[in-house]
Amino acid sequence: MNDLLTDDACAVLLLCAFQGGEEKHYPLGLAEYNRVATILYRRQERPAFLLGDAPVREIATSAQVNPARLQWLLDRRINLGFNLEEWQRKGFWISARSDKDYLRRIRSRMGIGAPPLIFGAGDRVLLKEGGLAIIGPDRIPPARLKKAFKTAREAAEKGQTVIVTGHLKVAKDLVKAIQEHSGCVIWVLHDGSLKQRLEKPNRQALSKGQMVLITVQSPEAPQKSGDRGYVGSLATVLADELLYVDGSKNSKDQFATAAAALRFAKTTDNSLRSEVCRLVVGRKVSQTVEQLKELGVES
């Protein structure tokens with residue numbers, strides 16, 4: 001974790017992070033936080049302003065947030081201190097959108113859609129280096145998985161970081177394939193547990209600087225809280241290249257990888273699109289694949 005969090009980061013943690021015991025008042029979501037941040041910006045103030053004698057009721061009302069809720073969230077400072085000590089003990093770090101060291105790639109590509117907070121474990125330098133995102137919906141036929149694993153191994157052998165998503169078996173198998181070739185991995189998780197750091201191969205990769213785990217969820221967040229759609233978005237904004245692996249007809253896309261793949265393709269230079277965007281598909285393709293093909297993405 002950051003050795004010393006800024007006052008701005010502490011304010012954002014109070015506003016947006018689960019700390020446990022939030023039965024009555026949940027932390028602010030992205031849209032709510034953006035409204036509060038906009039009010040502060042118009043006042044020429046930073047988030048840390050809320051830690052002092054700020055007119056919380058007035059700001060909350062202007063931002064269309066329940067004043068009692070906003071005050072309750074800000075009053076959790078003692079509990080935050082305990083949580084910060086625990087997160088530091090576990091080796092977690094925190095990056096707040098309010099801070100200058102927030103990853104430029106995420107800020108510039110996502111704008112106000114960038115998460116207010118990112119929690120992680122491992123060497124953050126990997127997040128700046130780009131890589132190949134291998135993404136797709138939940139259920140992928142075996143033949144397509146083989147192609148995805150082959151691509152992951154080739155990327156690892158070339159020294160290219162591979163970006164994977166979720167806790168699903170596919171992600172775990174991709175990580176295993178990459179680690180067998182001493183490759184680097186960015187693993188975008190869909191909850192705040194960061195429990196994958198405890199697996200022996202992952203502990204070794206983390207210690208060698210070959211892995212970083214990130215999530216937008218606090219380690220104290222309930223499993224079903226938050227927007228899982230962040231997973232696909234973060235994976236693609238961190239990437240320089242994309243491999244979209246189409247799923248079966250029964251696939252679910254809980255991490256919104258299809259929408260993320262389309263955004264990546266649309267924001268890629270037309271002349272480079274066929275080189276940096278690739279598909280692994282079957283005979284029957286999804287609507288997403290049809291749209292990607294119309295953009296010039298090839299199998």
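Because the model is predicted, local features are reported only at pLDDT of at least 70 and side-chain atom pairs only at pLDDT 80 or more, whereas totals for chains, interfaces and linings use all residues. Residues are numbered from 1 along each chain as its sequence is written, and side-chain values use heavy atoms, with hydrogens and water left out.

In soluble globular proteins, nonpolar side chains tend to be buried together. A nonpolar core is taken here as a set of buried Ala, Val, Leu, Ile, Met, Phe, Trp, Tyr and Cys residues joined through side-chain atoms within 4.5 Å, where buried means under 20% relative accessible area, exposed means over 50% and partly exposed lies in between, with a 1.4 Å probe and protein chains only. The largest such core holds 59 residues, of which Leu 13, Leu 28, Leu 117, Ile 134 and Trp 187 touch the most other members. Helix 1 (residues 7-16) contributes the most to this core, with seven residues; helices (H or I, at least four residues) and strands (E, at least two) are DSSP runs numbered from the N terminus. Leaving aside residues up to four places away in sequence, Leu 28 is in contact (heavy atoms within 4.5 Å) with residues including Leu 15, Tyr 33, Val 65, Arg 69 and Leu 73.

Helix 5 (residues 77-89) has 13 residues, and at 1.5 Å a residue these should span 18 Å, which agrees with the 19 Å between its end C-alpha atoms; the expected span is 1.5 Å times one less than the number of residues. Its buried residues are Leu 80, Asn 83, Leu 84 and Trp 87. They lie on the same side of helix 5 because they cover an arc of only 105° around the axis, the arc being that of the directions from the helix axis to the C-beta atoms. These buried residues pack against helix 1, strand 1 (93-96) and strand 2 (117-122), while the face turned away from the buried side carries the exposed residues Ile 78, Phe 82, Glu 85 and Arg 89. After helix 5 comes Gly 91, whose phi is positive, near 85°.

Strand 1 sends Trp 93 and Ser 95 one way and Ile 94 and Ala 96 the other way, and all are buried. Strands count as paired if DSSP finds at least two bridges between them. Strand 1 pairs with strand 2 in the antiparallel sense over four bridges, and Ile 94 stands opposite Phe 119 in strand 2. Strand 2 is also paired with strand 6 in the antiparallel sense, over four bridges, with Phe 119 opposite Thr 215 in strand 6. Strand 5, by contrast, runs parallel to strand 6 and is joined to it by four bridges. Strand 6 (residues 211-215) is largely enclosed by the rest of the structure, because five of its five residues are buried; Met 211, Leu 213 and Thr 215 are on one side and Val 212 and Ile 214 on the other.

Two single residues complete the picture. Thr 151 lies in helix 7 (residues 142-157) and counts as buried because its relative accessibility is 14%. A polar atom of its side chain lies 2.9 Å from the backbone oxygen of Lys 147. Glu 180, found in the loop between helix 8 (169-179) and strand 5 (185-188), counts as exposed at 54% relative accessibility.

How values were computed. A polar contact is a pair of N or O atoms within 3.5 Å; within protein, one must be able to donate a hydrogen and the other to accept it, and residues adjacent in sequence count only if both atoms are side-chain atoms.
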